[in-house]
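My notes are below the structure.

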Amino acid sequence: MPYLEDQTFSFYTRDVGAQLTPNATQKTTLIVAGCYVIIIAILWHVPVLSWISALLTVGFHEMSHAITGILTCATIHSVELDPDEGGETRMSGGIPWITLPAGYLGSSFIGACLIACGFDTNASKIACLVLGVFFLFTLWWARRNWLTWILILGMSGLIVLFWLVADSVALRYFILFVGVMSDLYVLWDVIDDTISRKVNSSDASAFARICGCFPSQVWGVIWLLVAFAFFAAGIIVGLVVFKVLASFASVKITLMGEISQESSSEQESSAAHFLPAPGSSGAMASVPLPGALIMIVTNLLWQLLL
């Protein structure tokens, strides 16, 4: 048996309060997120802007229905987006008691993930790539719906634009905005459709008819609590996880076990070399992946049109 020398290991108890205490960069992100809440509340009362924001959040809602339908072996026939009527996903088969709540819960989960990614520039880039895959699936299911094409092409254009601005720092705040808007819309829509007034055609009403144990208002309250939990989890994950990741990347662990997240300047430097935008300093030393991805997406869209 090999001889092992005595080694001393030190373990430090990390304070949960210290982990959840935002640093300067995170405080800025939280302040921006709070401003987004006010801005989104105003947008919902502006005719054209409210229509656009509702269309985007309805897209996440219907996409969640469709993806869950595929995972439960359903056949997706079509996806329609309507900011006034709430959209509709037509499918056959699957498991209704899973696919029905997936609209609200899935879109709130997507919003929470985007909020968490909004705390880090590199994570926002990865979130955009995942969104791009979801957009392609949505275009395939809703290829006859011109509103869907306008929405997704517009979103894709904004993503490309913000990716190219200031080493993609603007992309982080855009992803944060989309995440906050998605979660807020879920909270508002659940209250409006299932709690404050009963809508017979809502997901909660259909779910109540299938289960039969609770009325739609009760299911609406349950879904509302879950949506709140996702919203809070997105913020907590954004505050804690990227501190840990930054500590592994830069080894910034103090003797007391406290961990600090990357500063804004460090995030900019890291983002400049992670999936760099074409023409940036980081792109000179690596393959311009965003440009290649844009070409791939463009070719796929062209094939869909044909």
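I am working on a predicted model, where local features need pLDDT of at least 70, side-chain atom pairs count only at pLDDT 80 or more, and totals for chains, interfaces and linings use all residues. Residues are numbered from 1 along each chain as its sequence is written, and side-chain values use heavy atoms, with hydrogens and water left out.

**Helix 2.** Helices here are DSSP runs (H or I, at least four residues), numbered from the N terminus. I looked up helix 2, residues 24–43: its 20 residues reach 28 Å from first C-alpha to last, close to the expected 28 Å. The expected span is 1.5 Å times one less than the number of residues. Next I listed its buried residues: T25, Q26, T29, V32, A33, Y36, I40 and L43. They fall within an arc of 115° seen down the axis of helix 2, so they line one face of the helix. That arc is taken from the directions from the helix axis to the C-beta atoms. The face turned away from the buried side carries the exposed residues A24, I31, I38 and I42. For the record, buried is under 20% relative accessible area, exposed over 50%, and partly exposed in between (1.4 Å probe, protein chains only).

**Helix 3.** I checked residues 47–71 too: 25 residues should span 36 Å at 1.5 Å a residue, and the end C-alpha atoms of helix 3 are 36 Å apart, which agrees. After helix 3 comes C73, with a positive phi near 65°.

**Core.** I count a nonpolar core as buried Ala, Val, Leu, Ile, Met, Phe, Trp, Tyr and Cys residues joined through side-chain atoms within 4.5 Å. The largest has 60 residues, and F60, L114 and V180 have the most contacts inside it. Helix 7 (residues 169–195) gives the most to this core, 13 residues. Leaving aside neighbours within four places in sequence, L114 is in contact (heavy atoms within 4.5 Å) with residues including F60, A127, L131 and I175.

**Rings.** A search of the whole structure gave me 10 aromatic pairs. W44 and Y185 are edge-to-face, 6.1 Å centre to centre with 75° between the planes. Ring centres must lie within 6.5 Å to pair; planes under 30 degrees apart are stacked, over 60 edge-to-face, the rest tilted. W44 lies in the loop between helix 2 and helix 3, and Y185 in helix 7, 141 residues apart. W44 is partly exposed at 24% relative accessibility, whereas Y185 is buried at 11%.

Note on methods. Helix = DSSP H or I, 4+ residues; strand = E, 2+ residues; numbered from the N terminus. Phe/Tyr/Trp six-rings, centres within 6.5 Å; stacked < 30°, edge-to-face > 60°.
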